[in-house]
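Please study the structure shown below together with its sequence.

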Amino acid sequence: MQASRTESVAREFPVHLEGLGKEYGHFTALKSLDLAVPEGTSLGFLGPNGAGKSTTIKIMTNLIRPSRGRAVLFGIEVRQEPTRALARIGAVIETPEFYGYLSPLETLAYVGRLRGMPSSEIERRSEAVLKEVKLTEWADHRIQEFSKGMKQRLAIAQALLHEPELLILDEPTSGLDPRGMAEVRNVIKLLTREGRTIFMSSHLLGEVQEVCDDVALLNHGELLVHGSVRDLSRGADTSTFQTTFLRPPTPQDLEALALVPGVAEVKDSGDSSVDLRISGGEEGQARVLEAMVSRGLKVITFRPLGSSLEQLYLDRIQESDRL
Ligand SMILES: Nc1ncnc2c1ncn2[C@@H]1O[C@H](COP(=O)(O)OP(=O)(O)OP(=O)(O)O)[C@@H](O)[C@H]1O
Ligand SMILES: [Mg+2]
């Protein structure tokens, strides 16, 4: 009975991180991370440099051991049964070095043999994964002709070869030019749409917004926010509005605005333009607009600066940096 419950939880949540922590000497890179990823979702594991993203991913893929807690994939604890756990995942940690004189097909055949796949299976899967990463036309070209973005897509193809149920990507677009980034993102977006389970780290909020269903925000080894990109984009309570007036507001006007309920910050940016940080969602924004009009201020434009998720991101990172 117990076993079947564990199995069904495992099936619904391919990734289960429980109280995961890591010290490098005296330095705590990861405090105590609890995170579960439901099947069929793509999670953007977001955080600035040094947040602990790669540390987490290296623990999940058994490259390093945790100081405490456990990483459980498909109900299998990675430390205890690494081979069985890793057989079900595909990972791209850093862009692997490829042999330049080999073609993608030859590379995949080599990888498939290392993984013990039968040759008919290797053929079938190679064709499928090259199609998924849009390298079909390059299947027989030498990799030395490839751009970085193409190599990264080949790395994803390699990770997908054995039909893993979970794909783990550590900063898949880092080091790529804008075109390479867009190509790799498109591939990941397609995989997301196919309903694959993806765990992908990034330090770019825009990328996570574009590619992922869910976002988990990490800073200084601590989880700050976890939720769906859509809910968090809508739900963030405080946003900054760039407001332009017909005539420059006086210092008294600015003082009066700062006192309107819901106004968290007033920043004169010159040129009759003021940045207002407003809490209380749409109600709050309406109240502030009303107050400006009733003071006789003539508003020409009132537009949000960045998405509310961006604001939430900046706020939470700033708060956790202060602690
Ligand atoms: N082998 C190591 N020895 C000592 N400190 C380490 C080691 N690896 C990572 N760190 C430190 O742990 C912290 C977290 O590193 P990690 O690589 O997990 O961050 P990250 O979120 O992947 O950052 P980035 O965006 O730069 O890749 C950093 O401060 C880093 O300097
Ligand atoms: Mg990293």
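In which sense do β4 and strand β5 pair, and over how many bridges? In this predicted model, β4 and strand β5, which spans residues 76-77, pair in the antiparallel sense over two bridges. One pair of bridge partners consists of Val72 and Glu77, the latter lying in β5. The two strands form a hairpin with two residues between them, and in this hairpin Phe74 takes a positive phi near 55°. Strand β4 (residues 68-73) also pairs with strand β1 (residues 15-24), again in the antiparallel sense, and here there are five bridges. Within that pairing, Gly21 has Arg68 of β4 as its bridge partner.

The backbone angle phi deserves attention at two further residues. His220 has a phi near 45°, a positive value in a residue other than glycine. His220 is found in the loop between β9 (214-219) and β10 (222-228). Because His220 has 18 C-beta neighbours inside 10 Å, it counts as partly exposed. Ser272 likewise has a positive phi, near 60°, and is a residue other than glycine. The loop that holds Ser272 runs between β12 (263-268) and β13 (273-278). With 15 C-beta neighbours inside 10 Å, Ser272 also counts as partly exposed.

The largest nonpolar core contains 65 residues, and Leu73, Ala157, Ile168 and Phe199 have the most contacts inside it. Helix α6 (residues 148-160) gives the most to this core, namely seven residues. Domain 1 (2-227) and domain 2 (236-322) both give residues to the core, and therefore it lies between them. Ile168 illustrates how such contacts are made: leaving aside residues up to four places away in sequence, Ile168 touches Ile57, Met60, Thr61, Ile89, Ala91 and Phe199. There is also a second, separate core of six residues, among them Val266, Leu276, Val288 and Met292.

Finally, the reader may turn to the ligand. Which residues surround ligand 1? The shell is made up of Tyr24, Phe27, Ala29, Gly47, Asn49, Gly50, Ala51, Gly52, Lys53, Ser54, Thr55 and His203. Two elements, β2 (27-37) and α2 (53-60), each give two or more residues to this shell. The largest share, three residues, comes from α2.

Technical notes:
Residues numbered from 1 in each chain as written. Chains lettered and ligands numbered in written order. Predicted model: local features only at pLDDT ≥ 70, side-chain atom pairs only at ≥ 80, totals over all residues. Near = placed C-beta within 6 Å. Helix = DSSP H or I, 4+ residues; strand = E, 2+ residues; numbered from the N terminus. Core = buried A, V, L, I, M, F, W, Y, C linked by C-beta atoms within 7 Å. Buried ≥ 20, exposed ≤ 12 C-beta atoms within 10 Å, placed from the backbone. Domains from an automatic or database assignment. Contact = placed C-beta atoms within 7 Å. Pairing = 2+ DSSP bridges.
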